[in-house]
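This briefing goes through the structure shown below, topic by topic. It covers sheets, helix packing and the confidence of the model.

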Amino acid sequence: MSTALSWTTARRIALRAQGMGRSRRTEIPSRAVSRRSLQATVERTHLLQIDSVNIFERAHHLPVFTRSGSWDTAVLDRHSRPGPSRLVREALAHEATFASHEVHSLLDFRRRAAATKDWGEVREAAASTPQLFSRIYGALEELGPSSASAVSRHLGDTERGEGWGWRRTSSQWAVEYLFRAGGLDCVGRSSQFERLYVPAEDPGSWLVDRGVGPEGGALESQDGRAGTVDAESHDRDASILALMGLAAKSLGIAEVSSLADYFRISVRDARTAVDQLLAEDVITPVLVDHPAGPREMMLHRDAPSPSPLRTAALVSPFDPIVFHRPRLSRLFDVEYRIGIYTPAAQRATGYYALLFLLGDVFPARVDLKADRARGVLEVRGTFREELPHLPSRQRPADGAVVEALLGELERAVIWQGLDRIEVRTGPGTGALSTELAAVCATRGVGV
């Protein structure tokens, strides 16, 4: 019979497993301390999902702030570059992410699959342009870290084809192929947030075997690979099992679908790995007592104690705590849809609302913009979460939410190097905006 856990216990385990509950800094510390904060976060999450939106702060910078408070984000740039001090590498783990070395290595099976996939555009380009790949490597050796578009221009390749959508040149398709297949490494981003590539120090053997490298220019066929299929399948299964184990520990307690989503493993493969993790007693099935009915989840054997959390923090919609929306709904009672992709007139909670965590619940979300030219943190909307299943006794009062949120906004102002807070009020700005504006005015921190 499965062990029964309360909904509150499950939420606390989930948050503590992700590194929440520690004290958080207000002042920006030294680079050495910031590096330790980055390392501590990645040890818990294994990845930082990358996003280009910079209206407040980029999504891959926020998880460290959420867990440790203010930090020097330049540390991430420094420690994502090749060298002995490298902490993370860009990989396709959960979308585009900065991943730990362990995760990057375990994803070799995904890069191998990308290498052997029939990329029509790349195959056509390789056939029509002899030594295409060696020319790309040569361009990167000559240019240094460069975007796919810069490589394409350097090679004189400007034909983007017809239609709409991903209208790339042949060279750009080939660069993307080489990155996804492990032949190129990403070492940063341009001012337009394009990946900057260099030749990988450790290109996968699957690329070398196919003649795709600085000295090769063609994609070979798949014939003659039967002898390696069994070994590759074993490596793939072992890697998926290891990734699922990391996801289970990082989440603490989760449904199978959430475990699968963490590294974007198919549910079919995830269930096979879960069966083995269950057999090895790495995870245990538990029933979480939820008002909508019991939910079966998997509890990791090293799950942290469900002690109460005394924390208040802004959480990115791409943070591993919440990036699987069904988990956010079932475990935290929050329905979230990001406003970026919604027409302005249809947005209910702003353009890029961050969730606000207080204790073990998300009682509000806030739509922020860092206006760096004016030195102002604009609070463009402050919205109360409905939390339809949460008992009223567990919902913090509006006044407590506003007080805690203001403290977090003051921390954000310092982290972002701003001077003051500006709270919008009126129609469409949310039920908490007027009270937040009043408290800001009383404290002398708002305009």
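**Briefing**

Leucine 48 stands opposite phenylalanine 98 in strand 4. The model that shows this pairing is predicted. The mean pLDDT of the protein chain is 91, and 92% of its residues reach 70 or more.

- Strand 2 and strand 4 (residues 95-100) run antiparallel and are joined by three bridges.
- They belong to an open sheet of three strands, arranged in the order 2-4-3 with antiparallel pairing.

- A second open sheet has five strands in the order 10-11-12-13-14, and its pairing is mixed.
- Its edge strands are strand 10 (312-315) and strand 14 (420-423), and each of these pairs on one side only.
- The twist here averages 35 degrees from one strand to the next.
- Within this sheet, strand 12 (residues 361-371) pairs with strand 13 (residues 376-384) in the antiparallel sense, over eight bridges.
- Leucine 368 has valine 379 in strand 13 as its bridge partner.

- Strand 9 (residues 295-300) pairs with strand 7 (residues 253-254) in the antiparallel sense, over two bridges.
- In that pairing, leucine 299 of strand 9 is the bridge partner of isoleucine 253.
- Strand 9 also runs antiparallel to strand 8 (residues 283-289), to which six bridges join it.
- Methionine 298 in strand 9 is the bridge partner of proline 285.
- Strand 8 and strand 9 form a hairpin with five residues between the strands.
- In this hairpin, glycine 293 takes a positive phi near 125 degrees.

**Helix 10 and its partners**

- Two packed helices are described by the angle between their axes and the distance between the axes.
- Helix 8 (residues 132-143) packs against helix 10 (residues 170-181) at an angle of about 80 degrees, with the axes 10 Å apart.
- That angle makes helix 8 roughly perpendicular to helix 10.
- Helix 8 contributes Leu132, Phe133, Ile136 and Tyr137 to the contact, and helix 10 contributes Ser171, Ala174, Val175, Tyr177 and Leu178.
- By type, the residues of this contact of helix 8 with helix 10 are eight nonpolar, one polar and no charged.
- Helix 6 (residues 108-116) is another partner of helix 10: their axes come within 7 Å and cross at roughly 145 degrees.
- Arg111, Ala114 and Ala115 of helix 6 meet Tyr177, Arg180 and Ala181 of helix 10.
- The contact of helix 6 with helix 10 divides into four nonpolar, no polar and two charged residues.
- Tyr177 is named both in the contact with helix 8 and in the contact with helix 6.

**Helix 16 and helix 17**

- Helix 16 (residues 398-415) and helix 17 (residues 433-443) pack with their axes 10 Å apart, at an angle of about 55 degrees.
- At that angle, helix 16 is oblique to helix 17.
- The crossing in which helix 16 passes helix 17 is right-handed.
- On the side of helix 16, the residues that meet helix 17 are Asp398, Gly399, Val402, Glu403, Leu405, Leu406 and Leu409.
- Those they meet in helix 17 are Glu435, Leu436, Val439, Cys440 and Arg443.
- Seven nonpolar, one polar and four charged residues make up this contact of helix 16 with helix 17.

- Residues 221-227 do, and for them the model has four contacts beyond four places in sequence.
- Where pLDDT is low, the predicted coordinates should not be read in detail.

Definitions and conventions: Residues are numbered from 1 along each chain as its sequence is written. This is a predicted model: local features need pLDDT of at least 70, side-chain atom pairs count only at pLDDT 80 or more; totals for chains, interfaces and linings use all residues. Side-chain values use heavy atoms; hydrogens and water are left out. pLDDT is the predictor's confidence in each residue, from 0 to 100. Contact means heavy atoms within 4.5 Å. Axes are lines fitted to C-alpha atoms, for helices over the stretch in contact, and angles run from 0 to 180 degrees between N-to-C directions. Helices (H or I, at least four residues) and strands (E, at least two) are DSSP runs, numbered from the N terminus. Angles under 35 degrees count as roughly parallel, over 145 as roughly antiparallel, 65 to 115 as roughly perpendicular and the rest as oblique. A crossing is left-handed if the near helix is turned anticlockwise from the far one by less than a right angle, and right-handed if clockwise. Ala, Val, Leu, Ile, Met, Phe, Trp, Tyr, Cys and Pro count as nonpolar, Asp, Glu, Lys and Arg as charged, and the others, Gly among them, as polar. Two strands pair if DSSP finds at least two bridges between them.
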